[in-house]
Amino acid sequence: MIRSIRLGLAFCLSMASLAVLPPASASAAAADASARRMELPAPDKTGGMPLMQALAQRHSTKSGYSGAPLPARQLSDLLWAAWGVNREDGRRTAPSAMNRQEVQVFVALDDGVWRYEPGHSLTLVQEGDWRSKLGGGSLVLLYAAPTAGKWSGMHVGSVYQNVGLFCASAGLGNYVHASNASALDGKLPLPEGWSVLIAQSVGSIR
């Protein structure tokens, strides 16, 4: 009888001690979520080169990249130019048929591959530096869309043309290529029937 009481008291004390411990698993999950998300600075929507001058200077650059990372502000402006929200109704800087917005933009940086989110932030989806396997540069943009989509090529082309014009304005090199676009096949969290259609290397030139 006494032994049973002692066991019962020991159990109650152990449960009480657990109750006052901090919720470690919840804290760890919150820290992990924070580590996998990167807020971008607000884009500068007022600067840049005049459009006609940017069109005159737009060209592809296939070599001479320094590999140096872009400043946070320039990365922010680049991604907003590519596929950012530019109206209060959620529409983007590039057009899409019936506003379906069936494009996802990923950016390979030196610390991982990140998905660009509509709220102007990045979510980590793949760890590691994949840039050399994807074509090189300060970063590589990956454009994913429905593989069999009727308008997918048009949608993706509109986005990478935005990037080309931004690079001309900002003095950055860029080139669009398909040869390395499949390097992350099966590793990105894409909807069923989607794939990376093309890649675009961007960066500072030596």
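Predicted model: local features only at pLDDT ≥ 70, side-chain atom pairs only at ≥ 80, totals over all residues.
Q: Which residues in α4 meet which residues in α5?
A: Contact means heavy atoms within 4.5 Å, and the elements are DSSP runs numbered from the N terminus, with helices being H or I of at least four residues and strands E of at least two. On the α4 side the contact is made by Gln74, Asp77, Leu78, Ala81, Ala82 and Trp83, and on the α5 side by Val159, Asn162, Val163, Phe166, Cys167 and Ala170.

Q: How do the residues of the contact of α4 with α5 divide?
A: The classes are nonpolar (Ala, Val, Leu, Ile, Met, Phe, Trp, Tyr, Cys and Pro), charged (Asp, Glu, Lys and Arg) and polar (the others, Gly among them). In the contact of α4 with α5, nine residues are nonpolar, two are polar and one is charged.

Q: At what angle do α4 and α5 pack, and which hand does their crossing have?
A: Axes are lines fitted to C-alpha atoms, for helices over the stretch in contact, and angles run from 0 to 180 degrees between N-to-C directions. The angle for α4 and α5 is about 145 degrees, and their axes are 7 Å apart. A crossing is left-handed if the near helix is turned anticlockwise from the far one by less than a right angle, and right-handed if clockwise; that of α4 and α5 is right-handed.

Q: How many helices and strands does the protein have, in what order do the elements run, and how much of the protein is buried?
A: There are five helices and seven strands, in the order α-α-β-α-α-β-β-β-β-α-β-β from the N terminus on. A residue is buried under 20% relative accessible area, exposed over 50% and partly exposed in between (1.4 Å probe, protein chains only). Of the protein's 206 residues, 42% count as buried. Among contacts between residues at least 6 apart in sequence, 72% join residues at least 24 apart.

Q: How many aromatic pairs are there?
A: Rings of Phe, Tyr and Trp (its six-membered ring) pair if their centres lie within 6.5 Å; planes under 30 degrees apart count as stacked, over 60 as edge-to-face and the rest as tilted. The count by this rule is two. For Tyr65 and Tyr175, the ring centres are 6.4 Å apart and the planes stand at 35 degrees, so this pair is tilted. Because Tyr65 sits in the loop between α3 (51–57) and α4 (72–83), and Tyr175 in strand β6 (residues 173–177), the pair ties together parts 110 residues apart in sequence. Tyr65 and Tyr175 are both buried. Tyr143 and Tyr160 also form a tilted pair, at 6.3 Å centre to centre with 45 degrees between the planes. This pair links strand β5 (residues 139–146), which holds Tyr143, with helix α5 (residues 152–170), which holds Tyr160, across 17 residues.

Q: Which residue lies over the face of Trp130?
A: A charge sits over a ring if NZ of Lys or CZ of Arg is within 6 Å of the ring centre and within 35 degrees of the ring normal. Over Trp130 the residue is Lys133, 4.9 Å from the ring centre.

Q: Where does Thr61 lie, and with which residues is Thr61 in contact?
A: Thr61 belongs to the loop between α3 and α4 and is buried, with 15% relative accessible area. Apart from neighbours within four places in sequence, Thr61 is in contact with Gly173, Asn174, Tyr175 and Ile205. The C-alpha atoms of Thr61 and Gly173 are separated by 5.3 Å, although the two residues are 112 residues apart along the chain.

Q: Which residues does Gly135 touch?
A: Gly135, in the loop between β4 (121–126) and β5, touches Tyr175, His177, Asn180 and Ser201, not counting residues up to four places away in sequence. Gly135 is partly exposed at 22% relative accessible area.

Q: What phi does Met98 have?
A: Met98 has a positive phi of about 55 degrees although it is not a glycine, and Asn99 likewise has a positive phi of about 55 degrees. Met98 is exposed at 63% relative accessible area, while Asn99 is partly exposed at 27%.

How values were computed. Residues numbered from 1 in each chain as written. Heavy atoms only, no water.
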